Amino acid sequence: MACKEKISMLIDGKKELYERASDSIWDYAETRFEEYRSAELLCKILREEGFEVTTGLAGMQTAFVGSFGSGEPVIGILGEFDALFDLSQVAGITEKKPLVPGGSGHGCGHNALGVGALAAAVAVKDYRKEHQLSGTVRYYGCPAEEVGSGKAFMAREGVFDDLDAALSWHPGDMNEVWGCSSLAVTQAYFKFSGISSHAAAAPQLGRSALDAVELMNVGANYLREHVIPEARIHYAITNAGGLSPNVVQANAEVLYVVRAPKFRQAKEIFDRVVKIANGAALMTGTDFETVIDSGYTDYIPNDTLSRLMSEKMKELGPWQADGEEIGFAKEIGETLTATQKATANARVRDREELGVIRETGIAGFVRPYQKSDTPMPGSTDVGDVSWIVPTAQCSAVTQAFGTPGHSWQVVSQGKSRICHKGMLLAAKTIALTAAELFEHPEIVSRAREEWKETLHGESYLCPIPPEVKPAALR
């Protein structure tokens, strides 16, 4: 039996298990560093499949690794399973309706990501065992990808140092392999402290921390004009000082995220943001503390591995949608604004792609691999892994075309057959890629040589200082 047929059979034979697991993690909707039930479920499946599981990696209760086999090559498959705050949504409907008001939801599809990667690891384990191939397959349970940088903490502790290659995927609206980098990130809280006072009787005695936060945000808004075009500066006020407007707010804080193509660039911009915070404190007579929360480095796609992964996805072909799935996808498409639709259509490469999308509402094709020097306008802690080991990552269609990331529409589709089918395609793509690496370890050697040349003598520098520990909240 050909490798494609064997891998597909191994994954399809357990698809009900994987679909249930993905749906369960969707139900749990656990956010950064608190994915206890999600991690427990994935570890349970790994143990039942014969993997040796080690938990509590890098000081994180929900970080773990499942390992099977011995010797080289050592191939790592990366899984994620964290949700996003404030994105609770009823599944399978085409209107915004929170399942739990104020609750969390899988607005980035990590419920499918973690399980799809696990399905690939299990299939590779079985294939490797049946064909008596040497080497080690590992599944890495990586918490807190969303603004938590779980992989960066793991990388800082050397968790990935002995890998020969790393493979991953991400849910999306296209079947393709990433050929571009991502944006590096520095993320930190700015905590201002002032003096409380009666806002009417004695305002002159108060020093408002909330004023400082607002002035800082104004300063950052002006900074945006004077940074490189690829950079992004985001913020969220995480403490506005309480619920009493008649009290001068003594404490307030804001969380900032600074992105740029390279970590050095992000750090330079972040240092300017710190100066703005200092200015805001001077203007208001307050003090402030900068608390680093997390950080990401830019993703380095390995061309050797990426082209191999693209070949395997093309060999598999896109999954086929039925009438019900097409109807649901088109209904989701109707919930998008005109601007969202135009932004999505700008990503279409040719008329053939556009025709498929217009007919079905789904990108039912596999895009050819395309290398690009332009980074995607997002970030991932897979980048930290890619600085340590040659890495490839694909995306698979788990949602209607044009579905915006981090939206209620993603959450609504997270338990659909569209999501399930895309998850299984990704699993097969990763498994086929890994099987090829076990059968032809010379490809791993070529990938590592390319990786060394790409780094140009640079080495990984973790964006998170050694004194910063993982935490759900700071």
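This briefing looks at a pair of helices and a pocket. The model is predicted, so local features need pLDDT of at least 70 and side-chain atom pairs count only at pLDDT 80 or more, while totals for chains, interfaces and linings use all residues. Residues are numbered from 1 along each chain as its sequence is written, and side-chain values use heavy atoms, with hydrogens and water left out.

**Helices H2 and H3**

- Let's start with helix H2 (residues 15-28) and helix H3 (residues 36-48), whose axes come within 9 Å and cross at roughly 165 degrees.
- Helices here are DSSP runs (H or I, at least four residues), numbered from the N terminus, and axes are lines fitted to C-alpha atoms over the stretch in contact, with angles from 0 to 180 degrees between N-to-C directions.
- H2 and H3 are therefore roughly antiparallel to each other (angles over 145 degrees count as such).
- Leu 17, Ala 21, Ser 24, Ile 25 and Tyr 28 in H2 meet Arg 37, Ser 38, Leu 41, Leu 42 and Ile 45 in H3 (contact means heavy atoms within 4.5 Å).

**The second largest pocket**

- How much space lies in the second largest pocket? About 540 Å³, where a volume is the space filled by probe spheres set on grid points joined across faces, edges and corners.
- A pocket is an open set of points on a 1 Å grid over the protein atoms alone, where a 1.4 Å probe fits, with protein on both sides within 12 Å along at least five of seven lines; lining residues have an atom within 4 Å of a point.
- Of its 23 lining residues, the closest to the centre are Lys 262, Asp 298, Ile 300, Trp 387 and Glu 458.
- H16 gives the most to this lining, with three residues.

Definitions and conventions
Helix = DSSP H or I, 4+ residues; strand = E, 2+ residues; numbered from the N terminus. Parallel < 35°, antiparallel > 145°, perpendicular 65-115°, else oblique.
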